[in-house]
Amino acid sequence: MLTHIPATQTVIEISKPGGPEVLVPATRPVPEPKPGEVLVRIAASGVNQADTLQRSGRYPVPPGMPDILGLECSGMVVKRGDGVTQWREGDEACALMVGNGYGEYACVPAAQCLPVPTGVSLIDAAGLPETFCTVWTNVFERMHLQPGETFLAQGGSSGIGITAIQLAKAFGSQVLATAGSDVKCQACREFGADVAINYRTQDFVAVGKEFTGARGVDAILDMVGGDYIPREFDLLAHEGRLCFVALMRGTKVEADFGAIHCKHLTVTGSTLHGRNVAEKAAIITALREKVWPLWDQGKLRTSTYRRFPMREAADAHRLMESSEHIGKILLLP
Ligand SMILES: NC(=O)c1ccc[n+]([C@@H]2O[C@H](COP(=O)([O-])OP(=O)(O)OC[C@H]3O[C@@H](n4cnc5c(N)ncnc54)[C@H](OP(=O)(O)O)[C@@H]3O)[C@@H](O)[C@H]2O)c1
């Protein structure tokens, strides 16, 4: 063992469902890794929108999940459970988690850890697992985005959106993105979007049709839903695909399903959180093989917007809920 492991740690608890102020420090035991797990000394954790929803009691947390927030982290492996051979004490990694990131130590299945990519700091690596896993599985495994196709990322300046823009571009698509301000649109372009659409002043359907010569786009990654859905049916090309990672504007809508029928559309969606370790491990393996080499080639950039001390998690949540941020917000123990 390389390092002293204390018996207890400081975590951020949800004292009761509510606003950011309910996030308070607490003392908890440092857990022991079970077979197949590693204990990570956390360098940083990513804040995700699901955290703010869970904090306020609006996120349907799958049964048996931890009460401590935090779906991703980076840090050093300090202890291995039985059967872990692919990671050693002292290795630096980033990890996809089911919770427990808002602390100093956490146990994670070894199969959900990824190496810190070339050129990325240990701290910035904390912001990678959730968005890269989500974008990979939805855009490339569910929608099968192909080189040369046209792709629209709704919410282009979010952590998810920036990753979607970068990966779609790196794999040879033409990329459109929506965002709610000109500053955010500029950021989308800087991360690789060919066209950025300020949805407050422009109609994404009209811009998308103009860009594609009325053909429509091949694939849309959406987190908005609601009244966007019929407009997305309209914008999609023949054989187009639409995938939901969230439905912020609502899950119920009146839409003409004739578009699905006549244009051969595929409408799908998924959640990462509810998947089991084997399913997450398969995504991690795919990322390591197909996406992590892009870091070596200098084709990807991290999107850390701001780092907060972990004890200021409430301020980090306030920033996320203000929607002023572009990219990722991180917490440092
Ligand atoms: N299914 C999954 O497995 C999965 C996994 C991770 C995340 N998610 C979801 O993905 C979404 C993004 O997550 P995140 O952590 O990256 O959150 P985030 O950074 O807070 O992003 C939310 C984004 O939504 C944008 N937005 C809101 N209304 C919009 C609209 N009408 N048109 C375009 N953009 C709009 C906001 O930008 P503006 O200020 O420009 O409106 C903001 O950038 C969240 O809804 C999250 O729950 C799903």
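A residue is near a molecule or strand if its C-beta atom, placed from the backbone, lies within 6 Å of it. By that criterion, 26 residues surround the ligand, and the closest are Ser 158, Gly 159, Gly 180, Ala 246 and Leu 272. The model is predicted: local features need pLDDT of at least 70, side-chain atom pairs count only at pLDDT 80 or more, and totals for chains, interfaces and linings use all residues. Residues are numbered from 1 along each chain as its sequence is written.

**Ligand shell**

- Elements that give two or more residues to the shell around the ligand are α1 (49-55), α2 (129-142), α3 (159-170) and β9 (174-179); helices (H or I, at least four residues) and strands (E, at least two) are DSSP runs, numbered from the N terminus.
- The shell around the ligand comprises 11 nonpolar, 13 polar and 2 charged residues. In this division Ala, Val, Leu, Ile, Met, Phe, Trp, Tyr, Cys and Pro count as nonpolar, Asp, Glu, Lys and Arg as charged, and the others, Gly among them, as polar.
- The ligand lies between domain 1 (8-128 + 273-332) and domain 2 (132-269), because both give residues to the shell around it. The domain bounds come from an automatic or database domain assignment.

**Domain arrangement**

- The centres of domain 1 and domain 2, taken over C-alpha atoms, are separated by 27 Å.
- In domain 1, 15 residues are in contact with 13 residues of domain 2; contact requires that the C-beta atoms of two residues, placed from the backbone, lie within 7 Å.
- On the side of domain 1 that touches domain 2, helix α8 (residues 277-296) gives the most, with 5 residues.
- That side of domain 1 divides into 9 nonpolar, 3 polar and 3 charged residues.

**Helix α3**

- Of the 12 residues of α3, 10 are buried, so the helix is largely enclosed by the rest of the structure. A residue is buried if 20 or more other C-beta atoms lie within 10 Å of its own, exposed if 12 or fewer, and partly exposed in between, with C-beta atoms placed from the backbone.
- The buried residues of α3 include Gly 159, Ile 160, Thr 163 and Leu 167.
- At 1.5 Å a residue, α3 should span 16 Å, which agrees with the 17 Å between its end C-alpha atoms; the expected span is 1.5 Å times one less than the number of residues.
- Gly 172, whose phi is positive, near 95°, follows α3.

**Whole chain**

- The protein chain has 9 helices and 15 strands.
- A compact globule of 333 residues would have a radius of gyration near 20 Å, and the protein chain agrees, with 20 Å. The radius is taken over C-alpha atoms, and the globule rule is 2.2 Å times the number of residues to the power 0.38.
- Of the 333 residues, 48% count as buried.

**Exposed loop residues**

- Arg 58, in the loop between α1 and β4 (72-80), is exposed, with 10 other C-beta atoms within 10 Å. Arg 58 and Pro 17 are 41 residues apart in sequence and 8.8 Å apart in space, C-alpha to C-alpha.
- His 144 lies in the loop between α2 and β8 (150-153) and counts as exposed, with 12 C-beta neighbours inside 10 Å. The phi of His 144 is positive, near 50°, in a residue other than glycine.
- Ala 214, in the loop between α5 (204-211) and β11 (217-222), has a positive phi near 75°. Ala 214 is exposed, with 9 other C-beta atoms within 10 Å.
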